[in-house]
Amino acid sequence: MEFHHKSVLLEETIDGLHIIPDGIYVDGTLGGAGHSYEICKRLSDKGRLIGIDQDDAAITAAKERLNEFSSKVTIVRSNYCNMEQVLKDLSVEKVDGILLDLGVSSYQLDTLERGFSYKYDTDLDMRMDRRQTLSAKEIVNTYSERDLFRIIRDYGEEQFAQNIAKHIVAERKNGEIKTTFQLNEIIKASIPAKMRTNGHPSKKTFQAIRIECNKELDVLRDSMDMMVHLLNPGGRLCIITFHSLEDRIVKSAFRKNENPCTCPPEFPICVCGKKPLGKVITKKPVLPGEEERNLNTRAKSAKLRIFEKY
């Protein structure tokens with residue numbers, strides 16, 4: 001299947017990066033290279049794009065998409081949390097812009113064997129990097145009821161998390177839960193019929209398991225300060241999120257880097273010595289316009305936040 005993915009907030013993100021033709025830019029979630037293609041179009045022969053993705057299908061698609069810019073593009077299969085080491089290996093100290101487009105791609109959702117979607121009956125998988133051992137199947141069949149409850153409650157913000165976790169543990173005693181539709185039926189049975197009106201009943205639980213499988217929030221939280229430090233003065237970090245948990249992490253990290261002072265409010269002057277590293281460009285997140293929301297359902301929950309390094 002062709003790697004297909006509509007780049008959300010494309011124009012807004014490219015504008016937000018303030019691209020310098022001779023600059024160095026990192027796309028930490030390369031995907032189908034929609035954003036990267038537009039970055040490359042704006043780079044001179046001296047400019048450079050470094051694309052990072054952990055998905056082998058994305059790497060293949062991006063190489064093809066960016067072939068005409070091959071002299072200025074370097075593509076690395078890795079997780080963006082390893083960005084500092086990736087740049088070090090390429091003898092790059094600082095960059096002029098970093099982009100993250102978080103979440104799951106259209107390709108990953110629509111490729112049956114990847115097991116990301118509750119719409120297709122297939123093996124539970126959900127690994128963005130198919131080299132890793134932990135899969136959705138292992139989470140569903142081996143995690144304790146308490147851990148399943150915590151994950152579904154915290155990462156899925158699912159009000160029936162406790163009941164779903166209880167039903168999963170009870171059902172797996174009868175045999176391994178192997179497929180997406182098996183899990184669908186368990187989730188459906190865990191939610192009262194009158195409460196199954198707001199979208200597909202499995203949506204929040206599948207999101208939660210996917211986030212746990214790929215450690216998405218941990219990776220984001222642990223990478224924020226590192227990415228800010230990798231920017232040149234005037235360099236920008238643009239991050240597109242798709243749910244409140246991601247957005248909260250980005251918003252909090254940007255605010256902390258803009259105002260890192262830890263002195264009590266009653267202190268007349270700062271004595272902690274922590275200096276601002278930059279400024280938040282987007283006091284409120286940039287949201288997709290009505291036209292984009294109508295054309296691409298995935299765009300409806302997207303938020304773009306931008307930070308500029310001093």
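1. Rings of Phe, Tyr and Trp count as a pair when their centres lie within 6.5 Å. On that basis the structure, which is a predicted model, holds three aromatic pairs.

2. One of the pairs is formed by Tyr118 and Phe206, in an edge-to-face arrangement with 5.7 Å centre to centre and 90° between the planes. Tyr118 and Phe206 are both buried.

3. Another pair joins Phe254 and Phe307; this one is tilted, at 5.4 Å centre to centre and 35° between the planes. Phe254 is part of helix H12 and Phe307 is part of strand S7 (residues 303-309), so the contact ties together parts that are 53 residues apart in sequence. Are Phe254 and Phe307 buried or exposed? Phe254 has 1% relative accessibility and therefore counts as buried, the limit being under 20%. Phe307 is buried as well, with a relative accessible area of 0%.

4. Turning to the strands, S1 (residues 24-27) and S2 run parallel and are joined by four bridges. Within this pairing, Val26 stands opposite Ile50 in S2. Together with helix H2 (residues 34-41), S1 and S2 make a right-handed β-α-β unit.

5. S2 also pairs with strand S3 (residues 73-77): five bridges join them, and they run parallel. Here Gly51 stands opposite Ile75 in S3. From S2 the chain crosses through helix H3 (residues 56-65) to S3, and this β-α-β crossover is right-handed.

6. How much of strand S2 is covered? S2 spans residues 48-53, and five of its six residues are buried, so that the strand is mostly covered.

7. A last point concerns the surface. Phe267, Ile269 and Val271 make a nonpolar surface patch of about 310 Å². Of these residues, Ile269 is found in the loop between helix H12 (244-258) and strand S6 (278-280). Ile269 is exposed because its relative accessible area is 60%, and the cut-off for exposed is over 50%.

Definitions and conventions: Residues are numbered from 1 along each chain as its sequence is written. This is a predicted model: local features need pLDDT of at least 70, side-chain atom pairs count only at pLDDT 80 or more; totals for chains, interfaces and linings use all residues. Side-chain values use heavy atoms; hydrogens and water are left out. Buried means under 20% relative accessible area, exposed over 50%, partly exposed in between (1.4 Å probe, protein chains only). Helices (H or I, at least four residues) and strands (E, at least two) are DSSP runs, numbered from the N terminus. Two strands pair if DSSP finds at least two bridges between them. A crossover is right-handed if, with the strands pointing away from the viewer, the path from the first strand over the helix to the second runs clockwise. Patches are made of residues with over 30% relative accessible area and no salt bridge: like charges are joined within 9 Å, nonpolar side chains (Val, Leu, Ile, Met, Phe, Trp, Tyr) within 5 Å. Accessible areas come from the Shrake-Rupley method with a 1.4 Å probe; for residues, only the protein chains shown count as cover. A salt bridge is a side-chain nitrogen of Lys or Arg within 4 Å of a carboxyl oxygen of Asp or Glu. Rings of Phe, Tyr and Trp (its six-membered ring) pair if their centres lie within 6.5 Å; planes under 30 degrees apart count as stacked, over 60 as edge-to-face and the rest as tilted.
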